Amino acid sequence: MKLGTPAQTVGDGGTGVLEITPDTIVFVKEGGGETSENGVFVVVTMKDKATSDVAADEPAPITGGGWKWMTPDGEMIGFDSGNSSGVVMDKYNNADPVQPGSYQWRAQVFDLTEAQAKGGTLIYIDGEEKAHRWQMPSEDSGPNVAEVKKQLEF
């Protein structure tokens, strides 16, 4: 899939349905109070919308679910690479289950080398361990680039 394409995913523990749409990607060396340890932060924002009659949430990484970045040569990199887990953005910092009929803005940040960041694939493992993949652009893209960059200013 491409950036902006929604995927119907199963929520954590097989409960509920989340429509997840990666929306915007931004490449920065510094942001959200941190400096990239590996060279560049790749910040991807997404809209998580509950489309079933029960609340749904993304699986926790400890369960093997959630977000990963696959580099052009196939290396899988987790959400907590380098200094990525320290990057803070108010609007995209939601982590509660999404209630039926509502949505939340979320973000994933990866701390990568320039080579790992260019031409990567964003992968989301849902509550049934199904992988959803989006081919990511190699430059800032999406409708909220300016807003994301503003959120990253500290």
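Begin by selecting strands E7, E6, E9 and E10, which in that order form an open sheet of 4 strands with antiparallel pairing. Strands here, like helices, are DSSP runs numbered from the N terminus, with at least two residues (E) for a strand and at least four (H or I) for a helix, and two strands pair if DSSP finds at least two bridges between them. E7 and E10 stand at the edges, each with a single partner strand, so one side of each is left without a neighbour in the sheet. Neighbouring strands of this sheet are turned against each other by 30° on average, direction ignored, where the axes are lines fitted to C-alpha atoms (for helices over the stretch in contact) and angles run from 0 to 180 degrees between N-to-C directions.

Before going further, note that this is a predicted model, in which local features need pLDDT of at least 70 and side-chain atom pairs count only at pLDDT 80 or more, while totals for chains, interfaces and linings use all residues. Residues are numbered from 1 along each chain as its sequence is written, and side-chain values use heavy atoms, with hydrogens and water left out.

**Along the sheet you have selected**

Colour strand E6 (residues 66–70) and follow the 3 bridges that join E6 to E7, the two running antiparallel; here Trp69 stands opposite Ile77 in E7. Next select strand E9 (residues 121–125), which pairs with E10 in the antiparallel sense over 5 bridges, and find Ile123, whose bridge partner in E10 is Arg133. E9 and E10 form a hairpin with 5 residues between them, and Glu129 in the turn has a positive phi of about 65°.

Now show the side chains of strand E10 (residues 131–135): His132 and Trp134 make up the covered face, whereas Ala131, Arg133 and Gln135 make up the uncovered one. In a regular strand the side chains alternate between the two faces of the sheet.

**The other sheet**

Select E1, E2, E5 and E8, which in that order form an open sheet of 4 strands, again with antiparallel pairing. Its edge strands are E1 (7–10) and E8 (103–112), each of which pairs on one side only, and the twist averages 35° from one strand to the next. Between E1 and strand E2 (residues 17–28) there are 4 bridges, and Ala7 stands opposite Ile20 in E2.

Within helix H2, pick out Lys149. Is Lys149 buried or exposed, or in between? At 36% relative accessibility, Lys149 counts as partly exposed, since buried means under 20% relative accessible area, exposed over 50%, and partly exposed in between (1.4 Å probe, protein chains only). Lys149 and Val26 are 123 residues apart in sequence, yet 7.4 Å apart in space from C-alpha to C-alpha. Not counting residues up to four places away in sequence, Lys149 touches Val26 and Asp140, contact meaning heavy atoms within 4.5 Å.

**A serine in a loop**

Move to Ser36, in the loop between strand E4 (34–35) and E5, which counts as buried at 12% relative accessibility. What does the side chain of Ser36 reach at 2.9 Å? The side chain reaches the backbone nitrogen of Val40 at that distance, and the backbone nitrogen of Asn38 at 3.3 Å.

**Aromatic rings**

Finish with the rings, of which the structure holds 5 aromatic pairs. Rings of Phe, Tyr and Trp (its six-membered ring) pair if their centres lie within 6.5 Å, and planes under 30 degrees apart count as stacked, over 60 as edge-to-face and the rest as tilted. The rings of Tyr92 and Trp105 have centres 6.1 Å apart and planes at 80°, so the pair is edge-to-face. Tyr92 lies in the loop between strand E7 (76–78) and E8, and Trp105 in strand E8, 13 residues apart. The rings of Tyr103 and Trp105 are also edge-to-face, because their centres are 6.2 Å apart and their planes stand at 90°. Tyr103 is partly exposed, with a relative accessible area of 44%, whereas Trp105 is buried at 18%.

Select Lys47 as well: its charged end sits over the ring of Tyr103, 4.2 Å from the centre, the rule being that NZ of Lys or CZ of Arg is within 6 Å of the ring centre and within 35 degrees of the ring normal. Finally, select Trp67, Tyr124 and Trp134, which ring pairs link into a cluster.

Conventions:
Polar contact = N/O pair within 3.5 Å; in protein donor to acceptor, adjacent residues only side chain to side chain.
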